[in-house]
Every structure is written in C-alpha cells, then in structure tokens.
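Please walk through this structure with me, one element at a time.

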There are 2 protein chains.
Amino acid sequence: MEKLDQLKEKVREITYLGRAAAVLGWDQQTYMPSGGAEDRGNQLAVLGSLTHRMFTSPEMGQLIEDCKPIVASMDPDSDDACLVRMLDKNYKKNTRVPTEHVAEFAQVTTLAQETWARARAASDFAAFRPYLERIVELRRQYASFFAPYDHVYDPLLDDFEPGLKTGDVQAIFGALRPQQVEIIQAITARPQVDDAFLHRTYPEQGQWDFGVDVITRFGYDWNRGRQDKSAHPFTTSFGIGDVRITTRFDPERSASALFSTMHECGHALYEQGIDPILAGLPLADGASMAIHESQSRMWENLVGRSLPFWTFFFPLFKERFPAQLEGVDLQTFYRGINKVEPSLIRVEADEATYNLHIMLRLELEIALMEGSLEVKDLPDAWNTRMKEYLGIVPPKDSVGVLQDVHWSGGMIGYFPTYALGNLVSVQLWECIHKDIPDLDEQIARGEFSALLGWLRDKVHRHGSKFEPQDLVRQITGTGIDPNPYVRYLKSKYSYIYGF
Amino acid sequence: MEKLDQLKEKVREITYLGRAAAVLGWDQQTYMPSGGAEDRGNQLAVLGSLTHRMFTSPEMGQLIEDCKPIVASMDPDSDDACLVRMLDKNYKKNTRVPTEHVAEFAQVTTLAQETWARARAASDFAAFRPYLERIVELRRQYASFFAPYDHVYDPLLDDFEPGLKTGDVQAIFGALRPQQVEIIQAITARPQVDDAFLHRTYPEQGQWDFGVDVITRFGYDWNRGRQDKSAHPFTTSFGIGDVRITTRFDPERSASALFSTMHECGHALYEQGIDPILAGLPLADGASMAIHESQSRMWENLVGRSLPFWTFFFPLFKERFPAQLEGVDLQTFYRGINKVEPSLIRVEADEATYNLHIMLRLELEIALMEGSLEVKDLPDAWNTRMKEYLGIVPPKDSVGVLQDVHWSGGMIGYFPTYALGNLVSVQLWECIHKDIPDLDEQIARGEFSALLGWLRDKVHRHGSKFEPQDLVRQITGTGIDPNPYVRYLKSKYSYIYGF
C-alpha cells in the first residue's frame, strides 16, 4: 500500500504541474498582453517537457509495475484499480514514442500553426501544404510505434477516444450517413423557416447577463468557476474547485454567444461534478473527448434548442430584448434558432448537417493515413465531398480545407469525437427520459436539478475512471449507436419543417 | 563556454517555472473563484519545491563551480560574470539551510498567516503570540546557519537587501530619525491644511480612467502589461514583456487608488525597462527591495505628489471631477494631498511620518533577534515607541502591533527596505535634477520621457546585475545617505506648512 501512496504522490505532482499549465493557457487566451507571448511559450514548454520527463521516468514505470499486483486483488472498478490501469496504459503509450519524435512533432506543429493562420487568411493552401505533408508523415511514424494495429488510424484515435477502433467509427458513421442525408433532403424540400430576428443587433451586456442567468439555472457553480471572454470559447479546469468557461460575441451571429455559453457550461458541469475523492489524480478529468462533447452538446442542443426550454425562457428573453423580438412568437423563435441550411463552416453548422462535416474530415484523415490520398490532392477531395454530402462547394480554401486549426496542430483523430459526442448525447437523453418521465415539463418550468443530478450520478462523478465505450455501455446497455440520434433528428425536424 | 550555456539553460528552466508560479499568484489575487484556493495552494507548493530542488541540486552546484574559472577572466561587470557571481552566492545561501528547516518554516508560516488574519480581526495578540515566538526561534536558527556574522540580523537583511549590513542600516536610521522627528514637530506646530475635498465620493470608473491616463503618460507600456483590481495592490512580472499591476478602490480614501496606481507603475516601469538580453535569467529582476521601492516611491511621491505634476494634471482632474473639486484650487489641492498627520497605520502614512513607522519595526525586529526583547513584551514595546516617535498610542493591537502581515509570513528583515527606498529615491532625484535641469518644467508640461530615459539608463536596464549598494554608489557616488531625503522633506513641507 505504501507503493500505491508513493505512486499517487508522484502522479499528483504531475497533475498539479499540468493544472498550472492550464492556468497559463487560460491567461494566454483571456488577459495576456501581446508582449507576453514569447515568455509564455517558454514557460509552457518547460512545464510540458518537465511533466513529460517526470511521467516517462523509469522510476514512474517501476512504481506502476510495483502497484499492479497490489490492485490485482481489488475491485476492478475501484478508484485505485482504475488509476493503475490508466497509468499503465498511458505510461506504455508515452514511453513507446522516442523523445526526439516528441520534440520534432512539437517543433513542426508550432511552425505549422503559424503558417496555417497566415495561409487561411490568404486562402493559400500551397503555403500550408509542405507542413501538412510533414505532419502526415510524422503521424504515420507515430502510428508505427504502436504496430501491430488493426488500422493505422487506431493509435491516433486512441489518444482522443481511448479504446475506440477505426472500424467501430466507420461502422457507426456508415450507418448514420445515408439516414442523415435523407433527413436533410426532406428538410430542403420544404419551405425555409424565418430567422430574420436573429440578424438584428443584441447588445453584448444583455446577451452576457441572459447567458449567466441560464447557466446559473443549469447549476453552474460560480464559487467554483467564472466566465471570461476569449477569441475562441473554451472550458478549462484547474481542479474540481475551479472550472472556467469563456465566451465570445460575434456581431454577425447574435445568438452564438448564448449557445456557446450553454455549450461550455455543459463541459464545465462535467468537470465540476467529478467526485472530489479523485482530486489531484488524472482520473479527475473527462472520460474522453466524445463523452465530454456529449455533455456540452446536450446542454447546448437537447436542452438549449428545445421547445420546453424556450417555453420557459422565451418570455424572459423577450423581456430583455423587446425591440429585437417585436412581433416574434415562441414558435417562430423556436423554428428560427433551429433553421437547417447546408453551409461551409463546421463550427457554424446546425444540428442536422454538423455530422456530415465530421464524416468528410474523418474519411480524408483515414485516406491520408492509409496513403490512398496525398496532401496535394486534399483540396479537391474536400470540395468533391462537400458537393456530394451538402450540395455546396467552397468558393475558396479558406472556407474549405483550411478552415480548421486541428491538422496544423497535428490533431489527426480528434474530429470524429465531435460527431460521436452528438450520438452519445441522444443515447443518454433517451435513458434520462426513461428515468425522469416528466423531464420536458421540468425544463418548461426552468428546473434542471433532476437532469443535472442524473448526469452527476451516471457520468460526471466517475471522471475518467472508465474507458468511454465501457461508460456508455454501463449506462445505456449498448455501445455507441447512431439510431437514437437519427430518431431525434427526424422527430425534431419533421415538427419544425412539417414533413 | 559550453558549461556556461548549460548553466544558463538550467537556470532558465527554473526562472520560467518561477514565472509560471507568478502567473498563478496573480490569478489567485485577481480572478480566482474561492473554490480554487485548495488546488492553487497545491499547485504553488509543487512549483515551489520543484524549483528549490532544481536550484539546490549537486549538478547545479557543480555547474556553477565549473563556470567560475570561465568568468574569472571576463569583465566583472559583464552579464555572464554578474550571473555566475549571483548564482554562486544564492546557491551557497540556499544549500546552507537544511531542507527540513525550509519545510518547517513553510509549514509554520502558513499556519501563522491564517492565525494572524484571525488574530488581527479580533485584535487578539495572545492568539498570535505562540506562532510569532516559533517564527522568531526559526529565524534565529536560520541566521545561525550563516555564522559567523557581524550581527544576527545580517543574514535576514541580506535576503531582501543583498550585501547590506545591520550596522549600516542602524547608522543610516540613527542619523535620520532625530532630523525627521524635528520636521514633524515643525509641521505639527503649524495650522493644519484642509483636505476636506478628499473625503467626497469619486466614482471608481473616473478614478480608473484618470490613473490609466497618468501612467500612460509616465510611459507604462500596455502592450507589455495590464492593470486589474485586487484586495492589495501589487506588481508582478511574468517576463520583461508582461509586467502587470493591480489597484484597489477604497471608498474611505478616495485618492488612494490613484497614488497606488502611480506607485505600482513605478515598480512596473523598472521591470519593463530591464535589458531584454537578460530575459529568462534571474538577472531580469530588480536589484533589491529598496531599489524597487525607490522607483515606486519616486513616481508616487516625488513625481505624483509634486506641484509641477499637478500644475499639468489638476485642470484635467478637475475637468473629470468638477463637483468634487468645486471651489478647490491648485494650491489647496496640492496642500491637501500632502497633509501630514501622525497616524497608526503604516500603509496610510504620509511622506513625513512613514519612515518612523519603519524605524520602530526595525528596532523591534533587531531586539527580537538579539533576544533582548521577548515576543510577549512586543505590544508594550510597540506602543511605547509609537508614543515616543509619533505621539499617539494605538487603542488596540489590531491597529498596532498586529497591523502588518510580514511577521506572520516570517519576513523579518523586509521592513527597512521600505524606508531605504524612500532615501534612495531622493538620492537619485538629486542626480536626475543635475542631469536634467529643466525636469520640473518638463513635468509641468506632462512630459516624462527624459525622466524615464534617465532611469532606464542608470537603473532599469541593469536588472539585478549589481548589488544594490554598488548600484547606488555607481550612480550617486555615495552609499545610501539620508541627507537628501531630509533636505527634500524640509523644502517641501516648509513651503506647504510655512515654517
């Protein structure tokens, strides 16, 4: 048992240094003056290499080995058993990758991100191409450190969605795509809804205050968090007692701050709801990107874009913005905020088209990793699929293949988790409705405590004790399944668009 | 030379971790929600013990030893020679103190600070007494690690004011005290000035904006810093490119935010002015507490409470606060903000009485360390001296011996640097006036660039390359000297009070 305590103490040191880096990252994106960038980069680099060194040290490996027989006799779902299992897996993953590879990857992606930002601004794919080529090479090399594998994409996917296999994702998306395309075709055959009221000007402070009111009702704990502004909204945790969110105001898209606030609140409720007994351990984290996204998308979409939600909040919203909503009633408002329209930009996509943006990216990533697609042919492949899936073609690469930051940061394997999060959110939603039959009525009264209580119990408190697939199976009885999401889309949009 | 590069690389790592800790500290005092306190303490503790371990490692000692012969042939004022000299001194200081002592000191002072806060609130010295007794014991023990010394207080003083000896401070203060007491007596014999206008309400935003205007003119670089609010104003540096200040608004003392902003700006101009070639090294820091304070007090008092300054700014101030300053003219305003009145609280003391608060503390600290005063007799000793130096006796210990946080944090040896900073500020001021004969006229036109340029060249750019006494001697030709300060007080207050 002494070994277990030693292991936890060492792991806590690393966790606290990681949290310190998170504080520096938060400051960088909220308040840091421009002159601080260079030193901040150096500070984060030192913290990063130090925690990497500490975690991959032979002493850490030995301690983990020493603890494995100790936890072997424990309940496999106990905190200690989960911790050692997770550390063992991560230690092996981290030590398989040579330090020189880690360093080169960091260096290449730093340069690539700067280049991408300029290339996107100039819509100049050729400028970004050599960096992306090198990144694809490095990612293929990274995968090779984990050979043998079923698929070259598996090791990448595992970094974001532990335990999930490429074949699983392909099967899920293969079943989903034709059904989702069919729904979109049904929608586009119908008359478009009116969202003119969203294109009026909503003063920032009013939006901020309304968003704060909403997430306070959701159960966001302001003693253990805060909201600030940043260029790109995000959630970050410095510990269970300090989970912060950010938002932004886009004058072109007046509702985006509110939905973004609800989205980040969903992430934050997850982190705030982790069992305090896990504090300081790597288990005090979300189970995976997809599970995290299931929480954010649930509060943003299943709650925040629902008719029960606006039954309660629309009168309050109208009271705050009477001029902007002159002549707009609840039904018009509800339809307007759920307007479906195939569009070029993923982060602006509606619920019905969003997953198609993801499937396109996943197919391209897999093809790049398999070697069946070359980087030079990527813009064409992108545009061809956009035409096929969404019926539109980007007029330039800045709103096409260059739109996302992920690839420039080497984050191949990340995209599918967004769509998986959507699917999981509705799988959970169906379970919640079974357990809380009057959930819609509660929401229509502005009550969210039963919902939050359910999520706390089934999802949040476990942190990352369980691999995401296992967690989904524990709660729903099945693996990740696209059918609940298809049912949800059909039901919602047949009501709104009348098909 | 390779060894020197290795040494710098190792030292930079430690510096960046220290800067990371500074970011965490800044956040803790500005934006952190209450729930974040426990984790933040853990994060800072890990960073602290890690940097201590890194700096006191045998490898660090060996590298320093290896570099000493390399720099021996260099100009002793070169950056490299200064760096190795400073590291050698600090390494020896740090490694002389046993790790167990460091740990116990940290533990005792953490508890003592919590106890002190409660004791001050309840004005209950007896509750704090056992902690302070232990702290005095530990500080005496700390001093013993540096035996032999001229005076038991020397090793403590050296932590805040490198190279300065207790005997020097006693000689300086011994010469200063009777002259300063004489000035106060001359002032109190005269009719009091009117500062009623300071007791009106000045809206916070107007104060904030005016303060920002003033320090922008001083030359504070907003691309390399920012201002936020905190309970206690402070300046912190995360690198030469990110030097931040904070301020606070006290409804009872309406001018305090402005003077506090100028004070912190003085600290920040110092840190922003360090030569970028020193970036990432421990030389990119102020030379000492006293030199730092000389900068803050210069901008706050010698500039900010001067007639030339208000000749320019009073019309602007009056424009911003016309109702509050109804019927107040420049002379009345100038006299009002320079009102002298013996008072109980150090941080609220005026320029004429401030140093006496410090001398009192220094004498008590020395007596405690020598063993000629026991902690149990401290309140009486405090009150006796207050009566003798300032003619007033605290009605309770919360506004007497319990008012400052320093002793509860173990910071014995810190106080004298405040008064020394005042003295140095005027020594520099006399030199500046020789080099810039029309300085007053420039200030009266709102021009500060020549002043800042002088400070940059003589003080700021050197960072902590030189020990403070050497720096003062380089610039002024003498050591720390109380006579310029006495001349300044006499001239200023004979004008204001007419003696």
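In chain B, S2(B) and strand S3 (residues 243-247) run antiparallel and are joined by 3 bridges. Two strands count as paired if DSSP finds at least two bridges between them. Helices (H or I, at least four residues) and strands (E, at least two) are DSSP runs, numbered from the N terminus. This is a predicted model: local features need pLDDT of at least 70, side-chain atom pairs count only at pLDDT 80 or more, and totals for chains, interfaces and linings use all residues. Residues are numbered from 1 along each chain as its sequence is written, while chains are lettered from A and ligands numbered from 1 in the order in which they are written.

Ser237(B) has Val243(B) in S3(B) as its bridge partner. The hairpin of S2(B) and S3(B) has 5 residues between the strands, and Gly239(B) there takes a positive phi near 135°. On to the other partner of S3(B). S1(B) runs parallel to S3(B), again through 3 bridges. Here Lys229(B) is the bridge partner of Thr247(B) in S3(B).

Together these strands make an open sheet of 3 strands in chain B, with the order S1-S3-S2 and mixed pairing. The edge strands are S1 (227-229) and S2 (235-237) of chain B, each pairing on one side only. From one strand to the next, the twist averages 25°. Axes are lines fitted to C-alpha atoms, for helices over the stretch in contact, and angles run from 0 to 180 degrees between N-to-C directions.

How many residues of S3(B) are buried? The count is 5 of its 5 residues, and S3(B) is mostly covered. A residue is buried if 20 or more other C-beta atoms lie within 10 Å of its own, exposed if 12 or fewer, and partly exposed in between; the C-beta atoms are placed from the backbone. Both faces of S3(B) are covered. Val243(B), Ile245(B) and Thr247(B) are buried on one side, Arg244(B) and Thr246(B) on the other. Helix H10 (residues 256-272) of chain B lies across S2 and S3 of that chain, at about 170° to S3(B).

Now the sheet of chain A. It is an open sheet of 3 strands, with the order S1-S3-S2 and mixed pairing. Strands S1 (227-229) and S2 (235-237) of chain A are at the edges with a single partner strand each, so one side of each is left without a neighbour in the sheet. The twist averages 25° from one strand to the next. S1(A) pairs in the parallel sense with strand S3 (residues 243-247) of chain A over 3 bridges. In this chain, Lys229(A) stands opposite Thr247(A) in S3(A). Helix H1 (residues 2-30) of chain A lies across S1, S2 and S3 of chain A, and runs at about 150° to S2(A).

Next, a helix of chain B. H3 (residues 58-72) has 15 residues and reaches 22 Å from its first C-alpha to its last, close to the 21 Å expected at 1.5 Å a residue. The expected span is 1.5 Å times one less than the number of residues. Met60(B), Leu63(B), Ile64(B) and Cys67(B) are buried in H3(B). The buried residues of H3(B) pack against H1 (2-30), H2 (37-55) and H4 (79-96) of chain B.

Two loops deserve a look. In the loop between H6 (125-144) and H7 (154-160) of chain A sits Pro148(A). The peptide bond from Ala147(A) to Pro148(A) is cis, with omega near 0°. Ala147(B) and Pro148(B) are likewise joined by a cis peptide bond, with omega about 0°. Ser123(A) lies in the loop between H5 (99-122) and H6 of chain A. Its phi is near 50°, a positive value in a residue other than glycine. Ser123(A) is partly exposed, with 15 other C-beta atoms within 10 Å.

Finally, the two chains together. A rotation of 180° with 0.1 Å of shift along its axis superposes chain A on chain B, with an RMSD of 0.1 Å. The two copies are thus related as by a two-fold rotation axis. Superposition is by least squares on the C-alpha atoms of residues with pLDDT of at least 70 in both copies. In all, 30 residues of chain A are in contact with 30 residues of chain B. Contact means that the C-beta atoms of two residues, placed from the backbone, lie within 7 Å. H1(A) gives the largest share of the side of chain A that touches chain B, 8 residues.
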